[in-house]
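Good morning, and thank you for joining this group meeting. I ask you to look at the structure on the screen while I go through it.

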Amino acid sequence: MSLYDIDTPFIPIHRLPAALVEACLDRDLDPEKLLRGTGLFMDDVQRGDRLLQPAHCFRLIDNASRLGPAELPFLTGHRLFPGNYGPAGAAWTNAANLLDALRILERFASTLSPLWWPRLTMEGGGARLYWSNACGGAANAEFLNALMMTAVSSFCQWLGERPFPWHYAVPGRVKHPEQYAVHWGPNLQENSRSCFMWIERDSLLAPWPRSSASAAASAIAQATQNSSGELKGFVAYVDHHLMETIDQAPSMEKLAMHLGVSTATLKRRFKKHDTHFQARYDQVRQQLAIDWLTRQGLSVEEVARRLHFHDGRNLRRAFKRWTGVLPSSLLGTA
């Protein structure tokens, strides 16, 4: 598995960056102000042949957020796909159904959503698609949540030739609820402990009119052979690794050994992404605690044991620090 950092130049400018610039120009934003500090020029956008660092994209998002209207992330999301995303995009376009599409998105996220990482989970009533930091974009979380969840729901509606009854959950209070109501409808949960979109099982397996099994299989084979399809954002990879190895009591030293670097090098890499090991470890433990308490119905003491707390009291203190509430407030919720 190859990892990319916030300063790795691998994002084609003709994908998300161009979609964002075009949405801004449609709203008559000054291109000089929009591109200020990004190291980009309109000639770069028009040629479409430059590879950008995530850092360039985050600065572009910063400028667009400051200059543009509140609807900008939603407008960009609606125009992001299908686009030119190579074999991964062809595989997605030829998905057999909604579940197949979500699995393709997760598998080839470094191509389809390199800044904001999707993670698909299945449960008895349907599917959840979680969204999180891929490589240092935490400061742009609200913009990227709105952009990517709009992009996925809009693209799936286009592929399935019908709207889907998505439910959305976002952390905190949204700044412009009227925009969410226009683009997402009424099914928005604010102040969630995590960011995700959820849909019931009945919508997942109905065949799509645009699907082609042979075209999808060929595209998946090509995308798998393409080395960029195996990339993963550093922060997303660390979170996934910690989640997968939580039973082994993760530590900075164990992670450094796994990555084949010194702890000093790992600390510098975390700093570059404006985070640190304890923040990632706490984020993963928080998410697992919420899942185990609400969706699996485990006791506080059992969750404390699994997450390597001395006892339930220490977990309660940490959980209150992470979320502002005690674990008991989540019991019986989903």
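**Backbone, sheet and surface**

At 32% relative accessibility, alanine 249 counts as partly exposed; buried means under 20% relative accessible area, exposed over 50%, and partly exposed in between, with a 1.4 Å probe and protein chains only. Please note that this is a predicted model, in which local features need pLDDT of at least 70 and side-chain atom pairs count only at pLDDT 80 or more, while totals for chains, interfaces and linings use all residues. Residues are numbered from 1 along each chain as its sequence is written, and side-chain values use heavy atoms, with hydrogens and water left out.

Let us stay with the backbone. Most residues other than glycine have a negative phi, and most peptide bonds are trans. Alanine 249 is not a glycine, yet has a positive phi of about 55 degrees. This alanine 249 sits in the loop between helix H12 (234–244) and helix H13 (252–259); helices (H or I, at least four residues) and strands (E, at least two) are DSSP runs, numbered from the N terminus.

Histidine 308, also not a glycine, has a positive phi of about 65 degrees. The loop between helix H16 (300–306) and helix H17 (312–323) holds histidine 308, which is partly exposed with a relative accessible area of 34%.

Which residues does a cis peptide bond join? They are phenylalanine 81 and proline 82, with omega about 10 degrees. Proline 82 belongs to the loop between helix H5 (72–80) and helix H6 (86–93).

I turn now to the sheet. Its 5 strands form an open sheet in the order E4-E5-E8-E6-E7, with mixed pairing; two strands pair if DSSP finds at least two bridges between them. E4 and strand E7 (188–189) stand at the edges with a single partner strand each, so one side of each is left without a neighbour in the sheet.

Strand E4 (residues 116–123) pairs with strand E5 (residues 126–133) in the antiparallel sense over 8 bridges, and a hairpin of 2 residues joins E4 to E5. Tryptophan 117 has serine 132 in E5 as its bridge partner. Further along, strand E6 (residues 167–169) and strand E8 (residues 196–200) run antiparallel and are joined by 3 bridges. There, histidine 167 has tryptophan 198 in E8 as its bridge partner.

Finally, a residue in a helix: lysine 33 lies in helix H2 (residues 31–35). At 40% relative accessibility, lysine 33 is partly exposed. Thank you for your attention.
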